Amino acid sequence: MQVLNSGYVQLVESMGGDSAVIRNARRCYRSEAKTENADRQLLRHLIKAGHKTPFEAMVFTFDVKTPLFVARQWFRHRIGSYNEESLRYCVALRDYYVPEHLEGELREAWIRHNEAAFDFYEELVNGTGESKMVREQARSVLPIGIYTTFYWTVNGNALMNFLKLRLDKHAQYEIRQYAEAILKIVKDVAPISFDEFEREVLRISE
Ligand SMILES: Cc1cc2nc3c(=O)[nH]c(=O)nc-3n(C[C@H](O)[C@H](O)[C@H](O)COP(=O)(O)OP(=O)(O)OC[C@H]3O[C@@H](n4cnc5c(N)ncnc54)[C@H](O)[C@@H]3O)c2cc1C
């Protein structure tokens, strides 16, 4: 799913789903899966009561491309695993965030600024003799709007915490776009869990 001017988020893999959450939760009550409505009521109860560990029975791995400043906010979510491309080992690609509302001269100046930073970076990385610099130092001339990519593996409970915080109107617009895309994706994988999460936590009625 495309996000911002050059980013994306896509689901690479998932384990479990509604049935795994229901199975784990029912162990607490020594009960078996019942009708879909009873299962829905159970998940609603878990969310309302803050009995959140059964949602850890589902796990998602996302492939994400996002500006560095968004990644920095994202990585504050400690419950999850990350592997990010390294600008110590890889040369940065000329790919940076341009807000969609930018127009005219401001847009041109924005692009000029980023292009100049990349020109200088490439000069340092590709230079010869004294002007040559290792990638890990040369990267410090790049702006924080450049794109990075990472894999994020996260369980359903930690993901709901991320979505609650990053879908909120207080969260920055850019990370909210990713959170909205992720909510759409996981609703396909675990529709009951994330419908109930939306209803009970985000307060969006059916
Ligand atoms: C709108 C907004 C503004 C923000 N502004 C700032 C800011 O200005 N400066 C700044 O530094 N951060 C800021 N943050 C980041 C915020 O403080 C959190 O670090 C971030 O949202 C991750 O949330 P979390 O700790 O709940 O998630 P996770 O790290 O994924 O943790 C999930 C849950 O696990 C538990 N947990 C995890 N680690 C611990 C621990 N060490 N001790 C106890 N419980 C733990 C907590 O219950 C936590 O809610 C902001 C976040 C938002 C959404």
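In this predicted model, Leu4 is buried, having 20 other C-beta atoms within 10 Å. Leu4 lies in the loop between strand 1 (2-3) and strand 2 (7-15). Although Leu4 is not a glycine, its phi is positive, at about 55°. A positive phi, near 50°, also occurs at Arg30, again a residue other than glycine. Arg30 is placed in the loop between helix 1 and helix 2. Whereas Leu4 is buried, Arg30 is exposed, with 6 other C-beta atoms within 10 Å.

The largest nonpolar core contains 39 residues, of which Val21, Leu159, Tyr178 and Ile182 touch the most other members. Two or more residues of this core come from each of helix 1, helix 2 (36-49), strand 3, helix 3 (68-74), strand 5, helix 6, helix 7 and helix 8. Helix 7 provides the largest share, 5 residues. For Ile182, the contacts are Val9, Phe62 and Leu163, when residues up to four places away in sequence are not counted.

Helix 6 spans residues 156-166, and its buried residues are Gly156, Leu159, Met160, Phe162, Leu163 and Arg166. Viewed down the axis of helix 6, these buried residues fall within an arc of 160°, so they line one face of the helix. An α-helix has 3.6 residues a turn, so residues three or four places apart point the same way. The buried residues of helix 6 pack against helix 1 (18-29), strand 3 (59-67), strand 5 (147-155), helix 7 (173-189) and helix 8 (191-202).

Definitions and conventions
Residues numbered from 1 in each chain as written. Predicted model: local features only at pLDDT ≥ 70, side-chain atom pairs only at ≥ 80, totals over all residues. Buried ≥ 20, exposed ≤ 12 C-beta atoms within 10 Å, placed from the backbone. Helix = DSSP H or I, 4+ residues; strand = E, 2+ residues; numbered from the N terminus. Arc of directions from axis to C-beta. Contact = placed C-beta atoms within 7 Å. Core = buried A, V, L, I, M, F, W, Y, C linked by C-beta atoms within 7 Å.
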